[in-house]
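Trainee: Hi! Could you walk me through this one?
Mentor: Happy to, have a look at it first.

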Amino acid sequence: MILAILALPLLAGVISALAPWRRGVALLGVASLAGVLVLAALIGRASLVGAPSALGGSLGADPLSALMLLVIGAVGLLAALGGVRYLDSQLERGACTSRQASLYAALVQGFIAAMILTVLARNIAVMWVAVEATTVVTTFLVGHRRTRGALEASWKYIIICSVGIALAFLGTMLLYVAASHGHGTASLDWATLVREAPHLNHAVVRLAFSLIVLGYGTKVGLAPLHSWLPDAHSQAPAPVSALMSGVLLSVAFYALLRCRAIAVAALGTDFVRTTLLISGLVTLGVAVTMLLHQSDYKRMLAYSSMEHMGLLCLGAAAGTPLALAAVLLHVVGHGLAKSVLFLTAGEIVEADGTSQIAGVSGLLVRRPALGGLFAVGLAALVGLPPFSLFASELGVVRALSAAGLAWVSALALAALAFVVVGLSAPAARMLLGPATTAPQRAPFSFSVPMGVALGALALLGVVAWPLSSLIHAGAAVAL
Amino acid sequence: MTSSVGGGVASALQLLWILLAGPLALGLMRKVRSRLEGREGASVLQPLRDLRKLSTKQRTRPTDSTWVFAAAPVVLVASTVVAAAFSPLVTLSALLASRVDFVAILFVLLLGSVSLLLGALDTGTAFAGMGASRAAMVGAMVEPALLVAILAMSLGVGTSNLSRLVGVGVTTSALAGPARILALVSFFIAILAETGRLPVDNPATHLELTMIHEAMVLEYAGPDLALVTLGESARLVLLLGLFANLALPWGIASGTGALALVGGLLAVSIKVGLVAVAVSVFEVTTAKIRLFRIPELLAGAFLLGVLSVISAVALR
Amino acid sequence: MSFSYVSLLDLAVVVVMVTAALTLWRQSLAAAVKALAVQGVGLAAVAVILGAHRHDLVLVGVGVLVLAIKAVAVPWLIGRVVAHDHAAREASPLINVPASLVGAGVLTLLAFAATRGVVALVATPAGRLIPFGVAIVLIGFFSMVVRRRAVSQIVGLLTIDNGIALTAFLGTSGVPLVVELGVTLDVLLAVVVLQVLVAHLQRHFNVHDLDQLRDLHD
C-alpha cells in the first residue's frame, strides 16, 4: 500500500513522459490522482490501528503522514481535473506543443510523487531530499507558459527556494552532528531522534532548529525569504498554483512540524515557541500589508496563502494538542479552499484575459457558476462558518489564548479582520458591477468537482467527519 | 662566547650568500622564462656580468637631484644586507637570532623600498614620480597584508621571533594547521607585490602605461643602477628565502658548525631556486593585472591573512 | 600517521575555503567556474581523506562520487552557459571586490562565533574545521546577494551546497549513502534545470543580468 501510493504517480509520470501526447495522458493523470486519494484513505484507516511501513521501515505512515497524503490526494485530484482543461485550452490556442503538454503531465506526476515521498520518509534527510526534489520538479511547471514573467518567476523560485532549503539541510546535518555525539546510535530516523532528543546538545540543536525554520520556512512562504511566493503563484498555470499553494506549502510546513517535534523534545517549548512566534507574526504582518494593496487577484490569493501559513506557524508555536489539531484541520481546509480559488481564478483569467482586479466585473451575472464558486470559495477562505476554516482559525486563536499568548491571538484576530476587509472589497468589484457580455455557463466538468470540494469543506466544518479521529491522532504524533 | 663567534660567521656567510644569490636567482628566473617561451635565453650568469659592466661605467645623475637620489641605492643594498645577515636563512643561530623579530626584519627591508621611492621623487621627472606614486599605492596595500600574515603565523607559535617561527616548522609538521597555510599564501602574494613581480608589476617592461618599479629607477645609470639591481634582486631572494624556510623548513641548520652551515647553505640555495623557478613558471602563465585591480588582489591577500588569524585564534 | 592525516585534512579544507573566497575575488565568470571545480576536488579530497582515516569505504566512494559530480559534471554544465555568454564578467557587483572580500572575512568571524558549541561538541581534528564549512555557506550566501549575473548566482548556490557537504563530512561519521545519493542527484538536477533556464533566458529574452528581470513586483 505504501509502495503503491508512491509508485502510482511515478508510473503515471513515466508513461506520460514516454507515450506520445494524446488526451488520454491527461486523463491518466486524473486516474492516478484518484487512485492516490483512495490509497490515502486506506492508509489513513490503517495508520489509526497500526503503522503501515515499507522498505524495511524507511518509508511509513503515521496518522500525521496519512492526513497529509489525503490532502495531497484531494488537492491533486482537483488540480489534475483542472490540468485537463488547462492543457486543452493551451493546445487549442497553439500556446504549447504536444511535447510540452507531455512534459507538463509527467512533471505534475513527479511533483505529486515527491510530495508523497516527503510525507512517507521516516528519515529526515530523505524528507529533505524529497522537499528539494519538489523544487526542482516544479520549476519547469512554474515556467510552463514560457513568457518572460513566467521564466523570471521560475528563476526566482528555484534560486530562493534552493538557498532556503539548503539552510534546512545545514540544520538537518547539524541535528545529525548532535545525534552522532549524543548517547546511543547516530541516526536520522525521525522517531529515533525524537526518542534520543533529551540527550542532544542544546546549543547545536538551537542553531539547527533556527536554520531549519529559516530553511523550510522559505518553502512554506514564511518571511523573510517569501519573495518567490507571489511571483511563482501568479505566473504558474492555475492547476500548478493550486497544487503549490494548496499542498506544497503545507508539505513544507509538515517538514517543519516534524523538526519542531525533535526540537521540542530536546529543548522544551520556550525557544521553539519564540522562534515560531516571531516567524509567524512577521509573516502575518507582511502578508496582510501586501494583501491590502493588491491589484492582481492571483497575487492577492498568493499573499492570502502566506497569511494562512503565518497562522499555521502561530498554531505550531502554541503547540498544545488543541492547537496542533486545529493546525492540521486548517491545512486540510486551506488546501481545498485555496485550490478551488486558484482553479477558479484560472478560469476567470482564461475568460477575461486579465488577472487585474480592475479588469473583471459583473462576474456573477456573466458567469454565474464561476462567480458563485469564487464567492463561496472566498467566504470559506476568510473563515466564515460553516466552512472548516472557521473552526480551525477559532481553534488556533483559542489555543494561543490558553497557552498564555493572548496578545498574539489578539494580533492574529486583527490580521484576520483586515484580511476579510482586504479580500471582500476587490471581490465585490469583480463579482458585482456592470456586466458587459451575456451570461455563460461553466462546463460541468469544472463546476461539479469544485462544488464537491466546497461541500466537503462545509461538511468538515460542521461535523469534522470523517477526519476527526485522524486529525487528533496526527496532532498527538506532532506534539 | 663561541656561539656568538659562530653566529657572526653564519651572519657573514648569509650576507655574502645573499649578494651572490640575488643576481643568480634573477638569471635563473630569466632563463626559465626564456625556455618556457621557446627562446634559448641568456646565461644564468648574465646578471652578474651586467653588474660588473655597469659598475665600470661612468656615474651620471640628473642635474637637479640631491643627496637623496644618491643615497637611495646605498640604503637599499645596506638595508637588505643587514636584514639578510640577521635572518634565519642558512641557520637558525645567526647573530642575535633570539632577538630578531619578523616585523623588525620586514621594516628594515621596507626602509629600502621607501628610500628608492624618495630617490625617484627627488629626480622630479614625470616617469619617476608616476612610478613612485604607483609604488606607494601598492606598498600601502601590501603592508597590512604582510602584517596580518605575520600576526597569523605568530599567533600559532606564540612569538614573532623569526628563528622560532621557522624553527617550529622543523620540529613539528610543515603543514601545521590551516592558519599557517593561509598565512603563507597571503605572505606569498604580498611578496610578489612587494618585489614587483607579475601579476602586480612586470619587471621586464618599460611601457609607461603599466610600469611601476622600472619607472622609479629610470634615472639611475652606471654604478648606481648596479647597486639598485643588486639590492632589488637580493631583496627578492631574501623574501623568497624567508618564505621557503617558513613553508618548507627542512634542511636549515640549527647550529653554527661548519658542516651544518654547508648543509644549510645548500638547502636554502635549492629551496630558493625551486621557489624562483615556480615563480617564473607562474609568471609565464599569467598576465599583468590592470593597475586599478591591484587593490582587489591585495584585498584577497589581506582576506587570507584575516582568515588565517581567525583560524589561528579559533583552532588553537 | 595521524599527524599527516590532520595536515592533509587541513590542506584540503583550506583549498575549499580559498576557492570559496576566489569566487568572490575574481570577476571573470570562467574563473569562478574553475574555482568551483577546484572546490569540488577539495571537497572530494576531504571525503577520501576522512574515509581512509576511518577505514570507511563508503565514504571513500562518496568522495569519488563528489569528484565526478562536483568537480567534473557540474562545472562542465555551467561552463557551457559561460561559453555562450560573450561578456562573461561580473562587471558591476552590488559591492565592489575589496569590500566584499572584507565582508567575507567578517562572515568567517561570524561562522566561528556561531559554531563554538558545535566545535566543542565534536572535539576531533575534523570537528575543529566545521566553522570553515559554515563560513563557506555564508560566503556563498553573500556572493548570491552581491552578484548580479545568473551564472554567479548558480556558483553561489553551489558554494553553499559545498559548504554544507563539508560541514556534514567533518561533523558526522558519514551521512547514510542513500541520503548522499539523493542530495547529489538533487544538486545535479537543480543545476540542469538552472542551466536550461539560463540558456532559455539568454536565447529568447537576451537576459544575462538579473537586474534585467524586474517585471514582477508589487
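Trainee: Let's begin inside chain A. How many residues of domain 2 are in contact with domain 3 there?
Mentor: In chain A, 23 residues of domain 2 are in contact with 28 residues of domain 3. Two residues are in contact if their C-beta atoms, placed from the backbone, lie within 7 Å. Before we go on, this is a predicted model, where local features need pLDDT of at least 70, side-chain atom pairs count only at pLDDT 80 or more, and totals for chains, interfaces and linings use all residues. Residues are numbered from 1 along each chain as its sequence is written, while chains are lettered from A and ligands numbered from 1 in the order in which they are written.

Trainee: Got it. Which elements give two or more residues to the domain 2 side?
Mentor: Those are α9 (228–235) and α10 of chain A. Helices here are DSSP runs (H or I, at least four residues), as are strands (E, at least two), and they are numbered from the N terminus. The most comes from α10(A), which gives 14 residues to the side of domain 2 that touches domain 3.

Trainee: And what is that side like by class?
Mentor: The side of domain 2 of chain A that touches domain 3 has 14 nonpolar, 8 polar and 1 charged residues. For those classes, Ala, Val, Leu, Ile, Met, Phe, Trp, Tyr, Cys and Pro count as nonpolar, Asp, Glu, Lys and Arg as charged, and the others, Gly among them, as polar.

Trainee: Where do the domains of chain A run?
Mentor: Domain 1 covers 1–122, domain 2 covers 145–267 and domain 3 covers 280–479. Those bounds come from an automatic or database domain assignment. The centres of domain 2 and domain 3 of chain A, taken over C-alpha atoms, are separated by 23 Å.

Trainee: Back to α10(A). How does α10 of chain A cross α11 of chain A?
Mentor: Helix α10 (residues 238–267) and helix α11 (residues 269–291) of chain A have axes that come within 7 Å and cross at roughly 140°. Axes are lines fitted to C-alpha atoms, for helices over the stretch in contact, and angles run from 0 to 180 degrees between N-to-C directions.

Trainee: Which residues make the contact?
Mentor: From α10(A) you have Arg260(A), Ala263(A), Val264(A) and Leu267(A), and from α11(A) there are Thr269(A), Phe271(A) and Val272(A). By class, this contact has 5 nonpolar, 1 polar and 1 charged residues.

Trainee: Let's switch to the whole assembly. Which chains have the most contacts between them?
Mentor: Chains A and C do, among the 2 pairs of chains that touch. Chain A and chain B do not touch, and their nearest C-alpha atoms are 18 Å apart.

Trainee: How many residues does the contact between A and C take?
Mentor: It takes 37 residues from chain C and 39 residues from chain A. On the side of chain C that touches chain A, α5 (116–122), α6 (130–146), α7 (150–171) and α8 (177–205) of chain C each supply at least two residues. Of these, α8(C) gives the most, with 13 residues. That side of chain C has 25 nonpolar, 8 polar and 4 charged residues.

Trainee: And which elements of chain C give two or more residues to the side that touches chain B?
Mentor: Here the contact takes 21 residues from chain C and 17 residues from chain B. The elements you asked about are α1 (2–25) and α4 (97–114) of chain C, and α1(C) gives the most, with 10 residues. By class, the side of chain C that touches chain B has 16 nonpolar, 3 polar and 2 charged residues.

Trainee: What about chain C on its own, how many helices and strands?
Mentor: Chain C has 8 helices and 0 strands. Buried residues make up 55% of its 218 residues, where buried means that 20 or more other C-beta atoms lie within 10 Å of a residue's own, with 12 or fewer counting as exposed, in between as partly exposed, and C-beta atoms placed from the backbone.

Trainee: And how many in chain B?
Mentor: Chain B has 11 helices and 0 strands. Its C-alpha trace spans about 55 × 45 × 40 Å along the principal axes, and 54% of its 316 residues are buried.
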